[in-house]
Amino acid sequence: MGASALQIFGIRHHGPGSARSLRRALEELQPDCVLVEGPSDAGAVLEWMLHEQMKPPVALLGYVPDAPRQAAYYPFAHFSPEWQALRYGLERKITLRFMDLPFAVQLAMDEEKRREEAAAKAAEAIKAKAAPAGEEACATEAMEKKSEPHPRHDPLLWLAEAAGYSDSERWWEHMVEERRQSSELFGAIREALTALRKELPPLEDAKERRREEAREACMRTVIREAQKEGFKRIAVVCGAWHAPELDPQGHPAADDAARLKGLPSTKVKTTWIPWTYGRLSASSGYGAGVASPGWYEHLWLHEDRIAEHWLTRVARLLRGEDLEASSAQTIEAVRLAEALASLRGRPLPGLPEMNEAVQAIFCLGSDLPLRLIHDKLIVGEVLGAVPESTPIVPLQQDLEREQKRLRLPPQASQESVEFDLRKESDLDRSRLLHRLNLLGVPWGETQRARGKGTFKEGWRLQWKPEFAVALIDAARWGNTVREASSARAIDGATTAADLPSLTRLLERVFLCDLPEAAERLMVRLQAVSAVAADVSHLMDALPPLADVLRYGNVRQTDAQMVAGVVDGLVARTCVGLPVACGSLNDEAAAEMFGRIERTHAAITLLEQDNLRTLWKDVLKRLADLPNLHGLIAGRAVRLLFDAAALPAEEAARRLSLALSVTADPAPGAAWIDGFLRGSGQILIHDERLLQVLDAWVAGLPPDAFVRVLPLLRRTFSTFPAPERRNMGERLKRGTPPGQKPGHVPEPDREAFDAARAEAVLPLVRLLLGLGAP
């Protein structure tokens with residue numbers, strides 16, 4: 001048997017120039033065996049690469065079935081050299097194998113490392129607490145020094161700096177990706193990396209060093225096996241860093257076997273998932289990522305006239321955003337980019353030359369449009385696709401069916417949509433997104449919709465590749481989105497720690513339209529609320545239930561089952577609130593202030609007279625309590641005043657009393673803060689409130705005014721400057737002659753036509769989504 005010809009191709013992950021050069025080299029070599037850097041236990045899913053529905057960017061996913069969050073990804077794009085090597089082998093039906101450590105070993109090593117790091121971090125925290133200040137500073141300095149990147153994490157930077165570049169990616173792009181003649185490319189890369197590996201120090205971290213040695217030992221072992229099988233021309237495709245160490249000659253097989261012995265392992269499953277260029281970029285945290293995947297795709301698709309094609313795309317993008325980008329500007333930008341490349345001694349304009357030309361010609365020196373170009377073109381908003389028959393969990397299959405049924409395709413770019421909940425299709429889309437959020441798959445995030453109708457719901461949508469792992473994790477709850485979200489909610493009802501947690505979960509369940517889970521939640525809610533004694537918990541539980549009652553009819557759900565619970569919560573809150581507000585410090589008063597605000601908003605939203613009466617009564621009790629924290633007392637008076645339950649004269653009297661010169665300034669400051677917080681607009685639009693404050697200030701003696709001025713300035717400083725200016729202008733106009741400061745004019749009741757006002761009420765109800773009266 002003759003000796004095998006071994007050809008090692010060191011490449012840059014996701015490099016279009018490397019991919020093009022590799023493809024040509026493989027055509028010349030005509031190998032009968034191709035070995036590619038990748039998990040050696042993932043060979044079973046390679047056949048899907050030739051499927052017509054497989055559209056990169058995609059990623060090879062390996063995960064632990066019992067713990068899907070333990071996962072690893074191997075992303076590929078059209079311009080990835082590994083993708084081209086794999087496609088070459090599959091198209092010619094030659095032997096094709098991955099040769100790196102299996103997913104089973106990599107994931108087990110990752111989990112082992114996570115546990116060790118968590119234990120070490122906990123030990124360091126304990127040690128830091130016990131150490132004196134000087135030793136603690138030394139420990140912090142040591143940790144910062146340890147966190148500095150090792151030269152091996154970016155070895156090409158050394159070659160780039162030697163060539164006069166500050167960026168290793170730009171050096172590689174100019175020296176490799178833009179190269180037209182590639183016959184000697186891979187030999188030169190291997191020679192340079194061989195010299196570099198001899199100069200660089202070894203990894204300091206023993207675990208990282210062991211892992212790198214195990215990876216290269218595994219790859220050499222696979223190469224030896226291929227040689228023993230008698231293949232004549234073996235092509236090895238690996239990262240350029242590993243190329244000098246993969247020739248089995250000079251590395252005894254026994255040593256490699258010793259390096260691989262005793263490595264941890266776990267059970268894994270493998271499949272393909274869609275990927276995005278955003279997740280392929282280095283800025284996403286991907287270690288082998290590139291800074292400009294969209295630009296690299298352009299280099300892959302356009303071997304000639306690169307500048308013309310790229311700047312035409314830039315002009316088309318800018319015109320789509322209503323920015324000026326004429327044909328003349330495009331021609332001028334191409335000329336400028338080529339001139340810059342010539343001045344810098346480069347054969348072709350690179351991305352820096354393109355960006356400088358765009359900024360000078362299209363953007364007139366501004367860098368704002370460049371951000372748009374970076375997101376849309378340089379990185380790119382591309383989401384790949386995998387065949388429908390790819391092995392996936394039943395839950396993901398159901399989601400894909402729902403996406404097609406509802407015409408809601410996943411997209412890598414961020415998109416804002418609005419749903420009209422009166423339409424069945426939009427209501428189903430809303431339910432799907434809420435159910436996915438409940439399962440921990442946040443495809444959509446709610447946002448404020450335009451208009452004030454309760455039937456409008458705004459969403460911000462963006463699909464991320466990691467949602468595939470979240471779906472695998474959520475598959476333990478059921479095989480459909482509805483079934484899984486219902487089971488997840490029922491489990492949450494069982495494990496919820498307190499009443500607010502239950503009501504928040506119940507609100508989400510109603511948004512998801514899960515009646516089975518709602519019934520189970522109601523049983524638990526009634527049991528917990530019956531024995532709940534903490535007023536703060538009762539108040540925190542009320543707003544979600546108020547939303548359920550208020551908007552249930554809009555979403556076509558039966559929300560009346562919670563009405564009895566709401567009545568009980570409001571009644572018990574009103575009984576216990578005065579006691580709960582006693583003896584509060586500043587921090588506790590601030591928390592209670594927020595709860596009172598949210599409870600007031602919830603009761604107002606419910607529009608039930610009996611609950612409003614109970615709430616007004618307890619606010620009056622709070623306002624009359626002696627020694628109550630000023631923040632709470634002031635807010636109680638303000639809420640009563642807004643509800644027309646307190647005359648303007650009484651509000652002025654209480655305000656004057658709270659800010660009396662005989663009172664302690666601190667409680668007075670808290671009282672006026674509670675009374676005025678967030679009311680800048682109200683002071684502008686409510687003449688009564690503005691005149692009450694004006695009359696009080698106008699009636700202060702000079703020495704008292706000087707004393708309370710800092711308190712007033714602190715409160716009014718929370719209002720935006722335009723609001724303060726508007727108030728000043730209104731007060732500057734003064735009080736009309738013959739009218740006392742603080743006088744509130746009576747409305748002209750004779751000029752008010754009640755019949756005409758009532759005639760428009762049915763239409764107003766329809767506009768607000770309240771239905772016919």
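Are F79 and Y296 buried or exposed? In this predicted model, F79 is buried, and Y296 is buried as well, where buried means under 20% relative accessible area and exposed over 50%, with a 1.4 Å probe and protein chains only.

Residues are numbered from 1 along each chain as its sequence is written, and side-chain values use heavy atoms, with hydrogens and water left out. Local features need pLDDT of at least 70 and side-chain atom pairs count only at pLDDT 80 or more, whereas totals for chains, interfaces and linings use all residues.

**Aromatic pairs**

The count comes to 13 aromatic pairs, a pair being rings of Phe, Tyr and Trp (its six-membered ring) with centres within 6.5 Å, stacked if the planes are under 30 degrees apart, edge-to-face if over 60 and tilted for the rest. Two of them are set out here.

| Pair | Centre to centre | Angle between planes | Class |
|---|---|---|---|
| Y74 and F103 | 5.7 Å | 80° | edge-to-face |
| F79 and Y296 | 6.3 Å | 90° | edge-to-face |

Y74 in strand β4 (residues 67-76) and F103 in helix α3 (residues 103-130) are 29 residues apart, and both Y74 and F103 are buried. F79, in the loop between β4 and α2, and Y296, in helix α11 (residues 293-301), are 217 residues apart. Ring pairs also link F76, W83 and W272 into a cluster.

**Helices α20 and α21**

The axes of α20 (residues 499-512) and α21 (residues 515-531) come within 10 Å and cross at roughly 160°, which makes α20 roughly antiparallel to α21, a term for angles over 145 degrees.

Note on methods:
Axes fitted to C-alpha atoms, helices over the stretch in contact; angles between N-to-C directions. Helix = DSSP H or I, 4+ residues; strand = E, 2+ residues; numbered from the N terminus. Parallel < 35°, antiparallel > 145°, perpendicular 65-115°, else oblique.
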